[in-house]
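Visitor: Before we go through the labels on this model, please show it to me. I would like each label set against its cut-off.

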Amino acid sequence: MAFKRIFLIVLDSVGIGEAPDADKFNDKGADTLGHIAEYRNGLKMPNLGALGLSNIREIKGIEKSEQPLAYYTKMEEASNGKDTMTGHWEIMGLHIDTPFRTFEKFPDELIQDLEERTGRKVIGNKPASGTEIIKELGNEHMKTGSLIVYTSADSVLQIAAHEDIVPIDELYNICEIARELTLDEKYMIGRVIARPFVGEPGAFERTSNRHDYALKPFGHTVMNELKDAGLDVIALGKITDIYDGEGVTKAIRTKDNDDGMQKFIDSMDQDFHGLNFLNLVDFDAKYGHRRDPDGYADALESFDQRLPEMLERLTESDLLILTADHGNDPTHHGTDHTREYVPLLLYYKGANGKELPIRKTFADIGATIAENFKVDLPKHGTSFLRDLYK
């Protein structure tokens, strides 16, 4: 048996407990799902519970299922890193030895080169929330035309500018320059992101004209193999940015988790043959990095409420895969991602759900997808496709 359509959802940062090597990443004791559930005195997620989430490990408020609907286990990240690109690239069969770099402050040499190449000064140059830094520096930016440069716990260089001060085309060109400058191995920055905004001081709003400039994956991913074989690869949310468009046949932008879920559910009614791949970023960007366990819990419960709509739309030839790319424990120190196991739930109609062995690499997902569609398997990862029929 082979599935005609595979639906893969990455719940960005929804870790399920510290990884065996968490201490090497200063993440001993991290537990995204567990700590949120404790903080909330229990999570209300009956649909994920029915699939088997609490069978992976017990989570307060979520009952273990006597007969889980899905196959379930957890996965350990094999690559050296805990950022979004590393996790996603590994899911599609790559192994990253040299981690992408994060910065508290970008080097003076890089900032000077950016100023010289763009003809605009830089302000900021620190870790910050995107909404907070435009509140802080937006007025100065509008008066001087200087670029607001900031970063986060991810390997990113973000450039914010008011659309009336720096037109969109110019901002995109500036980001292309920044991307070119940061290709140097001494920087090893995963993404450059254009962050345009509008409005007046005290009422700035970021627009939907965000654009990401990511490094291209350094090797062929399973998505490339699918596309080259004439199969569909539908990328929703920031998936196309994470892979810099590689292996994508159709990209659909999303505004937030709710919009992503709706567009994903709508896309399930389309006839295609291949992979439909969604990233739900709000867990990470809005709640994990901002250390907001209440907001994170609300987002998790909201996702759970939409889950039945997805399950109803699955056909007899569909497979649904739910997982994550790293942790981001909102009760942990700092604002960084956390090195954790991630959950893995696999559901199809008629599945006789049960526990699978713990996976030693996220690349097992890519290998499974590749085997299902009969394309070349990645160098890393072991397919568990046959385990789904036992």
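Guide: The model is a predicted one. We can start with E18, which has a relative accessibility of 28% and counts as partly exposed.

Visitor: Why is E18 called partly exposed?

Guide: Buried requires under 20% and exposed requires over 50%. At 28%, E18 falls in between, so it is partly exposed.

Visitor: What makes K28 exposed?

Guide: The relative accessible area of K28 is 57%. The cut-off is over 50%, so K28 counts as exposed.

Visitor: How do you know that K28 forms a salt bridge with E18?

Guide: The closest N and O atoms of K28 and E18 are 3.3 Å apart. A salt bridge needs a side-chain nitrogen of Lys or Arg within 4 Å of a carboxyl oxygen of Asp or Glu, so the pair qualifies. Both K28 and E18 are in the loop between β1 (5-11) and α1 (32-40), 10 residues apart. The structure holds 31 salt bridges.

Visitor: Why can such side chains pair at all?

Guide: Side chains of opposite charge can pair when their charged atoms come close.

Visitor: Which salt bridges does R40 form with D298 and E301, and what makes them count?

Guide: With D298, the closest N and O atoms are 2.4 Å apart. R40 lies in helix α1 and D298 in helix α12, so this pair ties together parts 258 residues apart in sequence. With E301, the closest N and O atoms are 3.8 Å apart. E301 is also in helix α12, 261 residues from R40. Both distances are within 4 Å, so both pairs count. R40, D294, D298 and E301 are linked in a network of salt bridges.

Visitor: Are R40, D298 and E301 buried, partly exposed or exposed, and why?

Guide: R40 has 25% relative accessibility and D298 has 42%.

Methods:
Residues numbered from 1 in each chain as written. Predicted model: local features only at pLDDT ≥ 70, side-chain atom pairs only at ≥ 80, totals over all residues. Heavy atoms only, no water. Helix = DSSP H or I, 4+ residues; strand = E, 2+ residues; numbered from the N terminus. Buried < 20%, exposed > 50% of the residue type's maximum accessible area, 1.4 Å probe, protein only.
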